[in-house]
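Please keep the sequence and the structure in view while reading.

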Amino acid sequence: MSRALSVASGPYAPPAPARTLTVVSADGARLHVEVHGPAGAPAVVLAHGWTCSTAFWAAQIRELARDHRVIAYDQRGHGRSPASPACTTDILADDLEAVLAQALERGEKALVVGHSMGGMTVMAAAGRARFREHTAAVLLCSTGSSRLVAESRVVPLRAGRARTWITGRILGSRAPLGPVTPLAKRVLKYGTMGAGSAPHMVEACAHIVHACPRAVRHAWAGVLAALDLDHGVRELRVPTAVVHGARDRLTPPVHARALVAALPHCVGLTELPGVGHMTPVEASDQVTGRIRELVTTYVTPDDLTSGTPGVPQQSHGTPVPQIKEGA
C-alpha cells in the first residue's frame with residue numbers, strides 16, 4: 001500500500017520509519033518491515049489484522065517511538081508485502097518468526113502485539129522456538145481463536161445457520177470495495193467500529209482497508225473462516241493481556257472471555273466501552289497505554305534493571321499492576 005492511499009496528516013498518518021527491512025520468510029516470501037524509534041530502546045513488535053497494514057498502527061508508532069523501538073510489518077499480501085499463493089496459519093507463524101529473528105538481536109525479547117489476524121498470528125506461533133526466544137509478553141487486541149464466522153454479529157440476525165452462511169458470504173466476498181465514498185465509510189463503520197467513532201478514525205480505517213487487494217482479502221477470509229487455534233492459546237505461556245471493544249461485531253466479547261479462560265498466564269482483560277473492532281484506532285490512547293504498562297513490566301532492558309527478564313519489575317518503588325479490569 002502506498003502512503004498516498006493512507007491518511008496524509010494527523011494522528012493516523014503513517015510516520016516515516018527510521019529504517020526499513022525486507023525480511024525473507026521460510027518459503028522465500030518477502031515481508032516489508034519498518035523500524036521506528038531509538039536503537040537499544042525496549043522493543044515492541046506490531047502485527048496488524050486482516051485487510052490492514054503497518055499504517056493501522058500509526059497512532060501507536062507515533063507515541064511509542066519516542067522511547068521504544070517499534071517494529072511493524074506488513075502481513076504477506078498486505079501493505080508493501082507482496083502477495084503469495086500460500087495462505088495458512090502456519091505461514092503466518094513462519095512470517096512472524098522471521099520478523100522476530102531478523103529484526104531483533106539474538107536472545108533479545110520484545111512485547112508482541114497482535115490485532116485481529118495479527119493476534120491469530122501470535123497464537124499460531126505460540127509453540128515455535130523463535131517466538132519463545134524473542135517474546136517477553138503479548139498483547140492480544142480484538143481477536144479470537146476459533147468460530148469467527150459463527151460468532152460474528154456483523155449480520156443483525158439471531159445466531160444460527162442462516163446468520164453464519166450470510167456472514168461467510170459477506171466476509172469472503174470477491175467484490176471490489178471501490179473508492180472510499182461516504183456510503184463505503186458508513187458500511188465500514190457499521191461492521192468494524194463503534195457508533196461513536198470519530199469521522200477521522202473512520203476515514204483512516206477506510207483508506208487502509210480499501211487499499212487491500214480483493215484477491216488477498218478473499219484468500220485470507222477463507223483461512224479465518226476455518227480458523228481453529230484453540231491449541232495455540234494453550235501454548236501461549238508468556239504473560240498475555242487481552243483488550244477488546246465492547247461493541248465489536250467482528251470478534252465479539254465472547255472471544256475475549258474465551259481467551260482469558262484458556263490462556264495459561266493471562267495478566268488482564270481490558271474492555272473498552274463503546275469501542276468496536278478497530279481498537280488501536282478507536283481507542284489509541286488506551287491501547288498505547290496498555291502497551292507501555294506491559295513493556296515497563298516485562299520488557300525492561302538489561303541495562304535499566306537487574307531483574308530477571310519476563311518477571312514483573314517495580315517502578316519508582318511501586319509495584320506495577322499485572323491485572324487491569326475495565327477501560
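## Salt bridges around Arg292

In this predicted model, Glu63 and Arg292 are joined by a salt bridge in which the closest N and O atoms are 3.2 Å apart. Because Glu63 belongs to helix α1 (residues 58-64) and Arg292 to helix α13 (residues 284-298), the pair ties together parts that are 229 residues apart in sequence. Glu63 counts as partly exposed, with a relative accessibility of 26%, and Arg292, at 23%, also counts as partly exposed.

Asp67 likewise forms a salt bridge with Arg292, with an N to O distance of 3.0 Å. Since Asp67 lies in the loop between α1 and β4 (69-73), whereas Arg292 lies in helix α13, this pair ties together parts that are 225 residues apart in sequence. Asp67 is partly exposed, at 37% relative accessibility.

## A further pair and the network

The side chains of Glu151 and Arg147 meet in a salt bridge as well, at 3.4 Å from N to O. Glu151 has a relative accessible area of 22% and is partly exposed, whereas Arg147 counts as exposed at 52% relative accessibility.

## Overall makeup of the chain

The chain contains 13 helices and 10 strands, and 53% of its 327 residues count as buried. Among the contacts with a separation of 6 or more, 78% are made by residues 24 or more positions apart. The accessible surface of the chain is about 13,700 Å², and carbon and sulfur atoms account for 55% of that surface.

In soluble globular proteins, nonpolar side chains tend to be buried together. The largest nonpolar core here has 48 residues, and those with the most contacts inside it are Ile71, Leu96, Val99, Val122, Phe131, Val138 and Leu236. Helix α2 (residues 89-103) supplies the largest share of this core, with 7 residues. Another core, of 42 residues, lies apart from it and includes Val202, Ala204, Leu272 and Val275.

When residues up to four places away in sequence are not counted, Leu96 touches Val45, Tyr73, Val112, Thr121, Val122, Ala125 and Phe131.

## Strand pairing

Strand β1 (residues 19-24) and strand β2 (residues 30-36) run antiparallel and are joined by 6 bridges, with Val24 standing opposite Arg30 of β2. The hairpin of β1 and β2 has 5 residues between the strands, and in this hairpin Gly28 takes a positive phi near 95 degrees.

A parallel pairing is found between strand β7 (residues 240-245) and β8, which are connected over 5 bridges; Thr240 has Cys266 in β8 as its bridge partner. Is strand β8 (residues 266-272) largely enclosed or largely exposed? Because 5 of its 7 residues are buried, strand β8 is largely enclosed by the rest of the structure.

## A nonpolar surface patch

Leu157, Trp165, Ile166 and Ile170 form a nonpolar patch on the surface, and together they have about 390 Å² of accessible area. Leu157 lies in the loop between α5 (148-151) and α6 (161-171), where its relative accessibility of 43% makes it count as partly exposed.

Most residues other than glycine have a negative phi. Thr51, however, has a positive phi near 70 degrees. Thr51 is placed in the loop between β3 (43-47) and α1, and it counts as buried because its relative accessibility is 5%, under the 20% limit.

Ser116 also has a positive phi, near 55 degrees, although it is a residue other than glycine. This residue, Ser116, is located in the loop between β5 (110-115) and α3 (117-125). With a relative accessible area of 9%, Ser116 is buried.

Notes
Residues are numbered from 1 along each chain as its sequence is written. This is a predicted model: local features need pLDDT of at least 70, side-chain atom pairs count only at pLDDT 80 or more; totals for chains, interfaces and linings use all residues. Side-chain values use heavy atoms; hydrogens and water are left out. A nonpolar core is a set of buried Ala, Val, Leu, Ile, Met, Phe, Trp, Tyr and Cys residues joined through side-chain atoms within 4.5 Å. Buried means under 20% relative accessible area, exposed over 50%, partly exposed in between (1.4 Å probe, protein chains only). Helices (H or I, at least four residues) and strands (E, at least two) are DSSP runs, numbered from the N terminus. Contact means heavy atoms within 4.5 Å. Accessible areas come from the Shrake-Rupley method with a 1.4 Å probe; for residues, only the protein chains shown count as cover. Two strands pair if DSSP finds at least two bridges between them. Patches are made of residues with over 30% relative accessible area and no salt bridge: like charges are joined within 9 Å, nonpolar side chains (Val, Leu, Ile, Met, Phe, Trp, Tyr) within 5 Å. A salt bridge is a side-chain nitrogen of Lys or Arg within 4 Å of a carboxyl oxygen of Asp or Glu.
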